[in-house]
Amino acid sequence: MSKIPGHSSHQNITEDTLINTASNITKTIREPLLILDSDLNYVNSNPAFLDVFSLNSTAEFIENWNSKSRDFVALRKAISNNLPTKALEDLPLKLSDSGDSSGNYLVNANYLELEKAQSGLILISFKRGIDSRTQEEKNEHVERFDDIFSQAPAMICLLTGPEHVFEMANDNYYRLIGHRDIIGKTVRQALPDIEGQGFYEMLDNVYQSGEASRGNEMLVTLQDPEQGSKQAYIDFVYQPIKNSQGSVTGIFVHALDVTEKVESRHKLEKSEQELQDLVDAVPAILWISKADGENYYLNKKWFEYTGQTLNDIKNLGWLDAVHPEDRSEVEQSFKTANAEKKEFQANFRLRNKNGDYRWVRDSGSLKFSSEGEYEGMVGTVIDIHEEKLKEQLVNEKEHRIRSIIEEATVATALYTGEEMRISMANDAMIQLWGKDHSVIGTTLHEALPELEGQPFHDLLQQVYSTGKMYWGKEDPASLMIDGKLQTNYFNYTYKALRNESGEIYGILNMAVDVTEMKKSKEKIKESEARFRLMADMMPEKIASTDAAGNFTYFNQGWLEYTGLSSDDLISKGWFDFIHPSDKEEFAEKWNTSHRTGEDFEMEFRFLNNKKKYNWHLSRAEAIADEKGQIQMWIFTATEIQKLKAEEKRKEDFLKMVSHELKTPVTSIKGYVQLLLSLLKRNEGVDNLGIPLQTSLERIDHQIVRLTRLISEMLDLSRIEKNKLELQKERFRLNNLVKETVQDIRYTNTQYKISIQEEVDFEVYGDKDRIGQVLINLVTNAIKYSPNSQEVDIRVYKSGEDQVSVSVKDHGIGISKKNQKKIFKRFYRVDGKNEETYSGFGIGLYLAKEIIKRHNGSIAVKSEKGEGSEFTFTLKIASENN
Ligand code: ADP
C-alpha cells in the first residue's frame with residue numbers, strides 16, 4: 001500500500017518534507033506532472049495530469065497505478081528501469097486508453113534528491129505528442145489531415161498564430177476563395193477582399209478569447225481573381241486550437257456553403273412575399289382561418305376597408321366590423337360552420353373605416369391537411385351592396401305590385417313564368433273566376449281548365465314572348481261559376497312585367513266585367529236600328545246634325561227626294577238644294593237658332609231629283625243632355641207644295657174678288673153717303689115711318705168694314721209683289737191713337753176702350769198704315785173678348801229711342817203654340833169656336849209686314865183664357881225725320 005499523505009500519524013520528517021516539496025512543485029507547474037517517491041509511490045500530481053489521463057480523481061489514478069492496470073505498466077517499467085540513477089528524456093509513450101485521440105506523449109522523468117530527508121522525488125512530466133514528433137511524423141500527420149478533410153463536404157482550413165496564418169485548407173475551401181496561394185500567408189494578406197465584412201475581427205476575437213465562435217448564414221463577398229465578384233452564404237465555426245498549456249495557437253475553421261439553401265429560402269420568401277403582395281392586391285378581401293375559427297390571415301384589403309388593426313381582429317374581432325343588427329347571426333353561423341365543418345356563407349353589412357355600412361357576401365370553403373385533418377377555412381368577402389340594393393328595390397317593387405293588386409278594385413292577378421303560375425290574385429279576380437283562394441300558387445291551366453279552347457292561353461304566351469301589351473275589348477269568356485259554364489264579357493289587359501335586367505318574368509292581368517254594358521249597348525243598337533227603320537219608313541224628310549251643325553244622318557225620304565246617297569248628302573249638306581231666293585233667309589234663321597238653341601222653323605223650296613223646287617216646311621229642334629248642353633239637332637221637312645199651290649189659288653181668287661168688289665162697293669158707299677147727306681138736309685124726317693137714317697148708317701158701317709177687307713186683300717197681293725208703298729211723314733202717335741179709338745168707339749159703343757198716355761212722341765211713318773195696324777189690334781181685341789168689354793191701350797217709352805203701343809184685352813187668349821203662328825198669312829187658330837169669330841187670318845200678317853217696313857217690331861203676350869196683349873214698337877222721330 002502506498003502511503004497516503006497526511007493520513008499517517010507516524011510519518012517522519014523526511015516524508016513531510018517530500019510531500020511539501022512535491023506540493024510546491026505541482027502548484028507551480030502547469031504542464032501535466034506526476035510526482036512519485038523513490039519507491040514509485042504516488043506523492044502528488046497536478047490537475048493537468050488528471051486531464052491528460054481523463055481521470056476523475058487522484059484516488060482513481062492511485063488505484064490504477066498500484067493495480068498496474070492500463071498503460072501505466074509501461075510507464076512504471078521505464079521508470080523503475082532507469083531511475084533514480086538515470087533520467088528519462090522524451091520517452092515516447094502511447095496511451096491507448098487516453099481520452100485524447102492522439103494518445104501520444106513524450107515522457108520526461110528526473111530524480112530530485114532531497115538532502116534533508118535523505119530521500120528523493122521522481123518528477124514525471126507529460127507532453128502532448130505533436131510538438132515532439134519528428135518532421136517525418138509531422139508530415140505524415142499533415143497528410144493524414146489532408147486525407148481526412150480534403151474530401152470532407154465542409155470547407156476547412158487551419159490558421160495558426162495571432163495573425164491567422166493559413167497552415168492548410170481543403171479543396172472545398174479553395175473552391176470558395178478561388179484557388180489562390182494562401183498557405184503561409186496571413187488571412188489579411190491572403191484574403192484582402194473580405195476586409196470590412198467582420199471576419200478578421202471574429203478571428204481576432206476567437207484567438208484572444210479562446211472561445212469558439214459561430215456564424216450563421218453570413219454573407220461573404222469575395223473578389224475571385226479568376227471569376228470576379230462572388231457571393232456566398234456560409235455557416236461556420238471558428239474553433240480555437242490550444243496547446244498543452246491551454247493557450248491558443250491557432251484556429252480551426254469549419255464552414256459550410258449554405259448559399260443554395262439561403263438563396264432558395266430567399267426565393268421562397270420572395271415568392272411568398274410576391275404571393276402576399278398578389279393576395280393583398282386582389283380587389284376582394286381574403287381570409288384564412290384556423291380550425292378553431294381564429295383568423296390566421298386577413299389580407300391588406302380587410303384592414304384598408306375596415307380600418308381595423310392586426311390587434312383588433314384577435315378573438316374573432318372581425319365581427320366588430322359587422323353591423324350590430326347582423327352580428328349575432330353572422331357569429332352564430334360562422335361558429336356553427338366551423339363546429340360542423342361545413343361551408344360558411346353569410347350576407348351582412350360591413351362597416352368601413354368611415355363608419356358607413358355596405359352589404360357584403362362572406363363565403364368560406366373548408367381546408368384540410370394532407371392527412372385529411374380539418375385546418376380551417378379559406379374565404380372571401382365581396383361587396384354586393386349594389387346587388388343588394390337592387391334586390392331590395394325589386395322586393396319593394398314586388399311589394400308595391402302586391403299591394404296594388406290587393407287593393408285594386410279592378411280584378412287583378414299576376415302570373416309568373418311561362419307556365420302562368422298564379423302568384424297573386426285579388427278578391428275581385430277570384431270572384432270573377434268563380435273560384436276561391438286555393439287557386440293561388442297553381443297554374444292558370446290547373447285553376448281554370450275551362451279556358452281550354454278559348455283564346456286566352458295563346459294570348460298570354462304571345463304577350464310573354466313578345467312583351468307587347470294586349471287589350472281585350474268586350475271579349476267573351478266562359479267560366480265555370482257555381483258549377484255552370486257562364487259566358488260574360490270583359491275588358492281586360494295582359495301586361496308583361498320585366499325584371500331589373502329587362503327580362504319578362506310574368507304578366508299582370510286586369511279585367512273588368514262589362515257584360516251589363518255590352519248588353520245595354522246592344523239594346524241601344526237595336527233600338528237605334530228600330531228608330532232608323534222607322535225614320536226611313538216615314539214619308540217625311542228627317543235629318544240630324546251634331547252640335548256644330550254638321551249633318552250626320554239623312555233618312556230614306558231625303559235620299560229618295562234628292563236621288564243622292566247618304567254619304568253624298570252628309571258630305572254636301574242640303575244648302576245647295578235650297579232655292580236661291582230662300583237661301584239668305586234660311587242662313588239667317590238657322591244661324592239664329594244655332595246660336596241661341598231656339599227651335600227653327602221655315603218654309604222654303606228644295607230641289608228634287610227632277611230639278612224641280614218643291615216647297616217644304618222645315619223644323620229643327622235641339623236635343624240637349626241633362627246639363628243642357630246641345631248634343632244634336634233633328635231636322636224635319638214636310639213637303640207643302642200642294643198647300644202652297646192651294647194658298648196661291650186662294651190668293652189669286654181673293655185678289656180677283658177684291659178687284660171685282662172694289663168698284664161696286666165704292667159706288668154703293670157713294671150712294672149711301674149721298675142718301676145720308678140728303679136726309680140730314682131734310683132735318684132727319686122720317687117720311688115713311690122707316691128708320692131710314694139708322695139703316696143707312698149701319699149700311700155705311702158695313703161698307704167701311706167691307707172696304708177695309710177689300711183693301712187688306714189688295715195689300716196682301718201688294719206685299720206679295722213687294723209693291724206696298726208707304727207715305728211717310730212726321731206725326732204725333734198719341735193723336736193717331738186717340739183719333740182711331742174715337743172712330744172705333746162710334747161703332748162699338750158698348751165697349752170701354754181706355755187710353756193711358758205715359759209719353760207723347762212723334763214718329764216718322766205712314767200714318768194711315770199704322771192706323772190700320774192699330775184698328776186691326778183693337779178690333780181683334782174686341783172680336784176675341786166675348787165676355788169682356790174692356791180694352792186697355794197704353795202708349796209708353798220702351799227704349800232709348802223707342803215708343804210702344806200696347807192693346808190689352810181680357811178675352812179668350814192664345815196658346816203658346818199658336819202665338820208664333822198667328823202672324824202668318826191665313827193662319828187662324830183652330831177650335832170649336834172657329835165659326836164664332838169670322839175672319840181671313842190676314843190682319844196680323846199685314847200688321848207685322850207694315851211694322852217690319854217701319855223697322856219696328858210687333859209681339860204678343862198671352863195666356864189661353866186670360867186675354868192677350870199685342871204691342872208694336874216704333875222708333876221715336878228724331879230731329880232729322
Ligand atoms: P182674323 O182675325 O181675321 O182671323 P187676324 O190675322 O187678325 O185674322 O188674326 C189671326 C188669328 O189670331 C185670329 O184668327 C185669332 O184666332 C187670333 N187672334 C188675333 N187677335 C186675337 C186676340 N186679341 N185674342 C185672341 N185671339 C186673337
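Helices are DSSP runs of at least four residues, numbered from the N terminus. With that in hand, here are some close-up views of this predicted model.

**View 1. Asp 715 and Arg 769 form a salt bridge between two helices.** Here the closest N and O atoms are 2.5 Å apart. This pair links distant parts of the chain: Asp 715 belongs to helix H21 (residues 692–720) and Arg 769 to helix H23 (residues 767–783), 54 residues apart. Asp 715 is buried, with a relative accessible area of 2%. Arg 769 is buried as well, at 14%. As a general idea to keep in mind, side chains of opposite charge can pair when their charged atoms come close. In total, the structure holds 43 salt bridges.

**View 2. Arg 794 meets both Glu 758 and the ring of Tyr 796.** The side chains of Glu 758 and Arg 794 form a salt bridge of 2.9 Å, N to O. This pair also links distant parts of the chain, 36 residues apart: Glu 758 is in the loop between strand S27 (752–757) and strand S28 (762–766), and Arg 794 is in strand S29 (residues 790–799). Glu 758 is partly exposed, with a relative accessible area of 41%, and Arg 794 is partly exposed at 28%. Now look at the ring of Tyr 796: the charged end of Arg 794 sits over it, 3.9 Å from its centre.

**View 3. Strand S21 has a partner strand in both S25 and S22.** Strand S21 covers residues 541–546, and five of its six residues are buried. Six bridges join S21 to strand S25 (residues 630–639), and these two strands run antiparallel. In that pairing, Asp 546 stands opposite Met 632. S21 also pairs with strand S22 (residues 551–554) in the antiparallel sense, over three bridges, and Ala 543 stands opposite Phe 554 there. Which residue takes a positive phi in the hairpin of S21 and S22? It is Gly 549, with a phi near 100°, and the hairpin has four residues between the strands. Within S21 itself, the charged end of Lys 541 sits over the ring of Tyr 561, 4.5 Å from its centre.

**View 4. Trp 558 and Trp 574 form a tilted aromatic pair, one of 33 aromatic pairs.** Their rings are 5.3 Å apart, centre to centre, with 45° between the planes. Trp 558 is in helix H17 (residues 556–562), whereas Trp 574 is in the loop between helix H18 (566–572) and helix H19 (580–596), 16 residues away. Trp 558 is buried at 1% relative accessibility, and Trp 574 is buried at 2%.

**View 5. Leu 316 and Asp 482 each have a positive phi without being glycine.** Leu 316 has a phi near 55° and lies in the loop between helix H10 (300–306) and helix H11 (324–340). Asp 482 has a phi of about 55° and is found in the loop between strand S18 (470–481) and strand S19 (484–498). Leu 316 is buried, at 14% relative accessible area, whereas Asp 482 is exposed, at 70%.

Technical notes
Residues are numbered from 1 along each chain as its sequence is written. This is a predicted model: local features need pLDDT of at least 70, side-chain atom pairs count only at pLDDT 80 or more; totals for chains, interfaces and linings use all residues. Side-chain values use heavy atoms; hydrogens and water are left out. Buried means under 20% relative accessible area, exposed over 50%, partly exposed in between (1.4 Å probe, protein chains only). Two strands pair if DSSP finds at least two bridges between them. Rings of Phe, Tyr and Trp (its six-membered ring) pair if their centres lie within 6.5 Å; planes under 30 degrees apart count as stacked, over 60 as edge-to-face and the rest as tilted. A charge sits over a ring if NZ of Lys or CZ of Arg is within 6 Å of the ring centre and within 35 degrees of the ring normal. A salt bridge is a side-chain nitrogen of Lys or Arg within 4 Å of a carboxyl oxygen of Asp or Glu.
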